[in-house]
Amino acid sequence: LAGAERIEIREQTADGVVTLRAFAPEHVLAHAKQCIRQREYQLIWEQILAAETREAYLMSGKDFTSFAEFCERNRSDLMEMFNRMGFGFYSSDVVQESIGSNAFRIRLHPSLGSQFAFTEFDVVKEPGGLKWLMVR
């Protein structure tokens, strides 16, 4: 489109404030991958994690610290899944399906699943964009 404004999904202001936007499941995947790689767990918690997921953490007596510990403990396994999903996103290696009216599941094809600790990444639509609901 001539004259169309490009929308950045990751924007950083001069004073260092980062804003993450996700309009498609692959945007959530890209943010999750970059934030895990860079250990930006607070950014995930505040901007990418679904409200429902944060609430579940808080209801179970856990908080951001528990989430950050999960991310750090599973960082290598999460990165393996996110990288593989990223490489195969538009191939038969990655299966995308709707789960309900406002959520999507991105999963590695069963033929690959046994090679990975995590194989499913759920994304949910919230006001303002898509968010990371769950990883299995």
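**Exercise 1. The β3-β4 hairpin**

Task: State how many residues lie between β3 and β4 in their hairpin, and which residue in the turn has a positive phi.

Solution. Step 1: β3 and β4 form a hairpin with four residues between them. Step 2: in that turn, Gly-100 has a positive phi of about 80°. Step 3: the two strands pair in the antiparallel sense over five bridges, and Gln-96 stands opposite Ile-106 in β4. Strands here are DSSP runs of E with at least two residues, helices are runs of H or I with at least four residues, and both are numbered from the N terminus. Two strands count as paired if DSSP finds at least two bridges between them.

The model is a predicted one, in which local features need pLDDT of at least 70 and side-chain atom pairs count only at pLDDT 80 or more, while totals for chains, interfaces and linings use all residues. Residues are numbered from 1 along each chain as its sequence is written, and side-chain values use heavy atoms, with hydrogens and water left out.

**Exercise 2. The sheet**

Task: Give the strand order of the open sheet of four strands, and name its edge strands.

Solution. Step 1: the order is β3-β4-β5-β6, with antiparallel pairing. Step 2: β3 (94-98) and β6 (129-135) are the edge strands, since each pairs on one side only. Step 3: from one strand to the next, the twist averages 25°. For such angles, axes are lines fitted to C-alpha atoms (for helices over the stretch in contact), and the angles run from 0 to 180 degrees between N-to-C directions.

**Exercise 3. Strand β5 and its partners**

Task: Find which residues of β5 are bridge partners of Phe-104 and Ile-106, and decide whether β5 is largely enclosed or open.

Solution. Step 1: strand β4 (residues 103-108) pairs with strand β5 (residues 120-126) in the antiparallel sense over five bridges. Step 2: Phe-104 has Val-123 as its bridge partner, and Ile-106 has Phe-121. Step 4: β5 is largely enclosed by the rest of the structure, because six of its seven residues are buried. Buried means under 20% relative accessible area, exposed means over 50%, and partly exposed lies in between (1.4 Å probe, protein chains only).

**Exercise 4. Helices α1 and α2, and the loop between them**

Task: Compare the span of α1 with the expected value, then locate Arg-39 and state its phi.

Solution. Step 1: helix α1 (residues 25-37) has 13 residues and reaches 18 Å from its first C-alpha to its last, close to the 18 Å expected at 1.5 Å a residue. The expected span is 1.5 Å times one less than the number of residues. Step 2: buried residues in α1 include Val-28, Leu-29, Ala-32 and Ile-36. Step 3: Arg-39 lies in the loop between α1 and α2 (41-48). Its phi is near 55°, a positive value in a residue other than glycine. Most residues other than glycine have a negative phi. Arg-39 is partly exposed, with a relative accessible area of 45%. Step 4: α2 is largely enclosed by the rest of the structure, because six of its eight residues are buried; among them are Tyr-41, Trp-45 and Ile-48.

**Exercise 5. The largest pocket**

Task: Describe which elements supply the lining of the largest pocket, and how its residues divide by type.

Solution. Step 1: about 250 Å³ of space lies in this pocket. A pocket is an open set of points on a 1 Å grid over the protein atoms alone, where a 1.4 Å probe fits, with protein on both sides within 12 Å along at least five of seven lines; lining residues have an atom within 4 Å of a point. Step 2: α3 (51-59), α4 (64-73) and β6 each supply at least two lining residues. Step 3: the lining divides into nine nonpolar, two polar and one charged. Step 4: Phe-67, one of the lining residues, is found in helix α4 and counts as buried at 2% relative accessibility.

Technical notes: Grid points are joined across faces, edges and corners, and a volume is the space filled by probe spheres set on the points. Ala, Val, Leu, Ile, Met, Phe, Trp, Tyr, Cys and Pro count as nonpolar, Asp, Glu, Lys and Arg as charged, and the others, Gly among them, as polar.
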